[in-house]
Amino acid sequence: MWVMYAFLSALFAGLMSILAKCGIRKTDSTVATAIRTIVVLVMSAVMVWVTGQYTPLSEIPARTWLFLVLSGLATGASWLCYFRALQIGNINKVVPIDKSSTILTIMLAFLFLHEQVTPLKALCVVLIGVGTWLMIQKKETEGPKEEKGSWLLLAFGSALFAALTAILGKIGIQGVASNLGTTIRTAVVLVMAWVMVFVTGKKDKVLETPRGELGFICLSGLATGGSWLCYYKALQDGLASVVVPIDKLSMLVTIAFSAVVFHERLGKRSAIGLVLIVAGTLLMLL
């Protein structure tokens, strides 16, 4: 069952990237992140109520609280980097870099969770790494000169924090139901996102959000909520080094929709890179 949840997580995550891209054409990415987190929090809280997985907060171990909060902070940092990179970069470049967090996750799972790294997993890491490199085309995205390289750093920052999110989340949900753990982490992300809105002086931009983009932001929040609920259920029951690569297959959904919605096409080199990433990911299941 945890494999099924991992694939559902990938489907929802792929839809989330496209919906989010549609919602940040004019809306500031930090403001969009803060708004969509409200939707995710409401959705995850409703799931806790529906499934009856509520545990009195006083009964949650201190160690679980620590890792859930740390996971939430890492998630918030990953989101802020990711959606800013999406706003100024090509989605077909940003997404593969973000998904390269698989490599870091496998390394961290080996170090901290003592999950075995077999020769096959090592081969998969190489395939994913080479595939990611091939998908980063040399041609820069059109835009202001100072933004041409910044999307790359932001995308790598997103990957780093996403890897930390997976490991910290895996540890954090060992002492609490996955839906409740997701709600707690989302609350941390919500606080972090709105603090960033006020610290950066963007609170006035909240009311300036176009109505059409607001709809896409809310839909991306629903997709994120669905992805998270499936993802952390899969993490709770399965291996982090396998769940994370499956989740990263969301790039197939994202790239397919980006071709239709944004008319972003893959070159031959990028297509080869995508095949290598998918091959490396699927081999993880063996």
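**Helices and cores**

Tutor: Start with a crossing: α1 passes α10 in a right-handed way. Keep in mind that this is a predicted model.

Student: At what angle do helix α1 and helix α10 pack, and how far apart are their axes?

Tutor: The angle is about 35°. The axes lie 8 Å apart. Helix α1 covers residues 2–23, and helix α10 covers residues 240–247.

Student: Which residues make the contact?

Tutor: From α1, they are Trp2, Val3, Ala6, Phe7, Ser9, Ala10 and Ala13. From α10, they are Val242, Val243, Ile246 and Asp247.

Student: How do the residues of that contact divide into nonpolar, polar and charged?

Tutor: Nine are nonpolar, one is polar and one is charged.

Student: New topic. How many residues does the largest nonpolar core have?

Tutor: It has 63 residues. Those with the most contacts inside it are Phe83, Leu86, Val94, Tyr231 and Leu235.

Student: Which helix gives the largest share of this core?

Tutor: Helix α3, residues 62–88, with nine residues.

Student: And what does phenylalanine 83 touch?

Tutor: Not counting residues up to four places away in sequence, Phe83 touches Met16, Ala20, Ile24, Ser29, Thr33 and Arg36.

Student: Why does isoleucine 103 count as buried?

Tutor: Because its relative accessibility is 18%, and the cut-off for buried is under 20%.

Student: Which residues is isoleucine 103 in contact with?

Tutor: Val125, Ile128 and Gly129, leaving aside neighbours within four places in sequence.

Student: How far is isoleucine 103 from tryptophan 79?

Tutor: They are 24 residues apart in sequence. In space, they are 19 Å apart, C-alpha to C-alpha.

Student: What comes just after α8?

Tutor: Glycine 201 does, with a positive phi of about 70°.

Student: Threonine 182 is in helix α8 too. Is it buried or exposed?

Tutor: Threonine 182 is buried, with a relative accessible area of 1%. Leaving aside neighbours within four places in sequence, threonine 182 is in contact with Ser44, Trp228, Leu229 and Tyr232.

Note on methods:
Residues numbered from 1 in each chain as written. Predicted model: local features only at pLDDT ≥ 70, side-chain atom pairs only at ≥ 80, totals over all residues. Heavy atoms only, no water. Core = buried A, V, L, I, M, F, W, Y, C linked by side-chain atoms within 4.5 Å. Buried < 20%, exposed > 50% of the residue type's maximum accessible area, 1.4 Å probe, protein only. Helix = DSSP H or I, 4+ residues; strand = E, 2+ residues; numbered from the N terminus. Contact = heavy atoms within 4.5 Å. Axes fitted to C-alpha atoms, helices over the stretch in contact; angles between N-to-C directions. Left-handed = near helix turned anticlockwise from the far one by under 90°. Nonpolar A, V, L, I, M, F, W, Y, C, P; charged D, E, K, R; others polar.
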